[in-house]
Amino acid sequence: MKTAILCGGRGTRLGEHGKSLPKALIEIGGKPVLWHILKLYTFYGLNDFVLCLGYLGNEIKRHFIEQRWLTDDFKFDLKKNDLTFLTESTLEKWEITFADTGLDTNTGGRLLKINHYLSDEDTFCVTYGDGLANINIGKLIDFHKSHGKIATLTSVNPQSSFGLIKINEGNLVTEFQEKPQLQDWINGGFFVFNRKIFDYLDENSVLEQTPFEQLARDQQLAAYKHRGFWKCMDTYKDNIEFNDLWFENKALWKVW
């Protein structure tokens, strides 16, 4: 089963980091966040990836090609200026296809552009290039196969960005909660799709908008509830927090 990773965004909320590097290459513990994502999927037996490139996509190609631990064997596919190579190092065994999906293409459009790479896949995984979790990918796939719908998204309870206060009927503050886990569900970004997902996409689609809304109306979108660790690297502050967790041996996403 292949896994597509959407890593073409600009990372505008990462400040100078997002200008000089694609978000997927910003490091956590000395390795790009993308490396952590690949390691997660590999732990569950998925090692065939399609990277949907966009902004500074050549930097992602260059990073992998220049790494010594990924330079043993290469398989090139120069069709449409895309590139595939097979890694056979002692550390990893990954097949990675680098697909140029456009500089400013939306998420659904990026996925549509790699349809031909997924033509042999009845079911495939998709995720973003900036989110980490200790999600059990095997259970996610099993859940998707069990319900028979076109799409599964992973729902998570995010941590509040702010501390909360409780106020009594007399307008007195009674309690402080420091950035608690919220009870509402949001899209956590680990997906499993059937090929019929492409019927809902066009070149301008924002995956999380019209396609998902139509899938929901058609009762073809299921939610896998993940109650464990999840965090998205959206800002520079998030990157600092990720690194703090890594160096304090609190990296709960490190299941490998």
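## Overview

Helices (H or I, at least four residues) and strands (E, at least two) are DSSP runs, numbered from the N terminus. On that basis, the protein chain holds seven helices and 15 strands. This is a predicted model, in which local features need pLDDT of at least 70 and side-chain atom pairs count only at pLDDT 80 or more, while totals for chains, interfaces and linings use all residues. Residues are numbered from 1 along each chain as its sequence is written, and side-chain values use heavy atoms, with hydrogens and water left out.

Of the 256 residues of the protein chain, 47% count as buried, a term that means under 20% relative accessible area, with exposed meaning over 50% and partly exposed in between (1.4 Å probe, protein chains only). Contact means heavy atoms within 4.5 Å; among contacts in the protein chain between residues at least 6 apart in sequence, 70% join residues at least 24 apart.

## Thr 3 in strand 1

Thr 3 lies in strand 1, which covers residues 2–7, and counts as buried because its relative accessibility is 0%. When its neighbours within four places in sequence are left aside, Thr 3 is in contact with Tyr 41, Leu 46, Asp 48, Phe 49, Val 50 and Cys 125.

## The buried face of helix 3

Helix 3 spans residues 57–66, and its buried residues are Gly 57, Ile 60, Lys 61, His 63 and Phe 64. Seen down the helix axis, these buried residues fall within an arc of 160°, so they line one face of helix 3; the arc is that of the directions from the helix axis to the C-beta atoms. An α-helix has 3.6 residues a turn, so residues three or four places apart point the same way.

## Cysteines without a disulfide

A disulfide is counted as a pair of cysteine sulfur atoms within 2.5 Å, and by this rule the count comes to zero. The sulfur of Cys 7 is 6.7 Å from the closest cysteine sulfur, in Cys 52, which is too far for a bond. Both residues are buried, Cys 7 with a relative accessible area of 6% and Cys 52 with one of 0%.

## A nonpolar surface patch

Ile 165, Ile 167, Val 173 and Phe 176 make a nonpolar surface patch of about 430 Å². Strand 10 (164–167) and strand 11 (173–177) are the elements that give two or more residues to this patch. Ile 167 is found in strand 10 and, at 51% relative accessibility, counts as exposed.

Patches are made of residues with over 30% relative accessible area and no salt bridge, where like charges are joined within 9 Å and nonpolar side chains (Val, Leu, Ile, Met, Phe, Trp, Tyr) within 5 Å. A salt bridge is a side-chain nitrogen of Lys or Arg within 4 Å of a carboxyl oxygen of Asp or Glu. Accessible areas come from the Shrake-Rupley method with a 1.4 Å probe, and for residues only the protein chains shown count as cover.
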